[in-house]
Amino acid sequence: MIDLRSDTVTQPGPAMRAAMAAAEVGDDVYGEDPTVRELEARAAALLGKQAGLFAPSGTQSNLLALLTHCGRGDEYIVGQQAHTYRFEGGGAAALGGIQPQPLEMVDGCMPVAAIEQAVKPDDFHFARTRVVCLENTHGGRPLTAAYCEAVAALCERHGLILHMDGARLFNAAVDGAVTPAALVAACDSVSICLSKGLGAPVGSVLVGSADVIAQARRWRKMLGGGMRQAGVLAAAGLYALEHHIDRLAHDHQRAAALAGSVAARFGDDAVEVATNMLHLTLPGDVYERLARHLAAHGIRVGRPRWVLHLDVGDDDLAAIQAALAAFPA
Ligand SMILES: *Cc1c(COP(=O)(O)O)cnc(C)c1O
């Protein structure tokens, strides 16, 4: 099966498994797992921050940031379609008493003027606006440097904290040929996923100042995220940071090539591509038929968002293109 549903479906390969098997471990709740500490330090250095914290998921990592930055009755400004608001079970509200202020997104981001308008005055009628949460990439779309700078300047003006949900930040960095640290220089905290395009089986890292990470570590323990010999998992993350960042360019190239084939078959308006994702805009019944046709050729797709990743090579791409060409009109 070729699986285009998500870049979370990747399997750890033999070299990554060997690194996991060989990992030096200790009790990380005692701060004694050298592999976890190395992963946290490596991620922090890559992103230009003081410290890092290994978390079991991106959902928890984003929640740790919000719990650290906000108290009960505070609010964070977030995109209506952003993962942190829409796909994380309302954790910040349920567990932290933190009110989301969701904003409609335009071309994958919240308009700066809309963010500015949503910042509440210092008045006891209102929740205290504390955080702006961005997402890079969003649906594969990278944020522009100019946009990030404008939001950072707004945060500066209003004394707000800037958090980046960087689940796929490395895709944005590779796409823009910039360092990941440059993309998040103005952010107070950043969450990255090791288990998306980077191909690790488990894990995220939250990075920020030493103070932010120390507080997040308390929250992680409280949420049940204190893990013991987690170096076995951290070793996969280290391997991913070492070997799987630059190769994201191949996913982006294959996504562009596949988008070309979709456009050739269905027209230019049928597909949009950004970094490792394709968004198809075929009529529902046509898409249903196409999905069944592809399944019959051993290609699994979910919603009309197709994602290229580590486990889709050039032969797989050719097979998908052949199946597309054979789709009956
Ligand atoms: C996957 C993802 C997360 C975190 O998800 P987990 O499945 O909890 O690791 C956060 N933000 C975005 C944009 C994501 O795609």
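## Ground rules

Because the model is predicted, local features need pLDDT of at least 70 and side-chain atom pairs count only at pLDDT 80 or more, while totals for chains, interfaces and linings use all residues. Residues are numbered from 1 along each chain as its sequence is written, and side-chain values use heavy atoms, with hydrogens and water left out.

Let's start with β3, residues 74–79. Strands here are DSSP E runs of at least two residues, helices are H or I runs of at least four, and both are numbered from the N terminus. Six of the six residues of β3 are buried, so the rest of the structure largely encloses this strand. (Buried means under 20% relative accessible area, exposed over 50%, and partly exposed in between, with a 1.4 Å probe and protein chains only.) In a regular strand, side chains alternate between the two faces of the sheet. In β3, Asp-74, Tyr-76 and Val-78 point one way, Glu-75, Ile-77 and Gly-79 point the other, and all of them are buried.

Strands count as paired if DSSP finds at least two bridges between them. β3 runs parallel to β5 (residues 128–135), with five bridges joining them, and also pairs in the parallel sense with β4 (residues 99–103) over five bridges. Ile-77 takes part in both pairings: its bridge partner in β5 is Val-132, and in β4 it stands opposite Gln-101.

## On to β5 and β6

Strand β5 is largely enclosed by the rest of the structure too, because six of its eight residues are buried. Five bridges join β5 to β6 (residues 161–166), and the two run parallel. Here Val-131 stands opposite Ile-161 of β6.

## Around the ligand

Where does the ligand sit? It's in the largest pocket. A pocket, on a 1 Å grid over the protein atoms alone, is an open set of points with protein on both sides within 12 Å along at least five of seven lines; a molecule sits in one if more than half of its atoms lie within 2 Å of its grid points. The residues around the ligand (a heavy atom within 4 Å) include Ser-57, His-83, Glu-135 and Cys-193. Helix α3 (residues 58–69) gives the most to this shell, with three residues.

As for polar contacts (N or O pairs within 3.5 Å), a polar side-chain atom of Asp-165 lies 2.6 Å from a ligand nitrogen. Ligand oxygen atoms lie 2.9 Å from a polar side-chain atom of Arg-168 and 2.8 Å from one of Lys-196. Taken alone, the ligand exposes 380 Å², and the protein buries 82% of that (Shrake-Rupley areas, 1.4 Å probe).

Key
A polar contact is a pair of N or O atoms within 3.5 Å; within protein, one must be able to donate a hydrogen and the other to accept it, and residues adjacent in sequence count only if both atoms are side-chain atoms. On a 1 Å grid over the protein atoms alone, a cavity is a set of points where a 1.4 Å probe fits but cannot get out, and a pocket is an open set with protein on both sides within 12 Å along at least five of seven lines; lining residues have an atom within 4 Å of a point.
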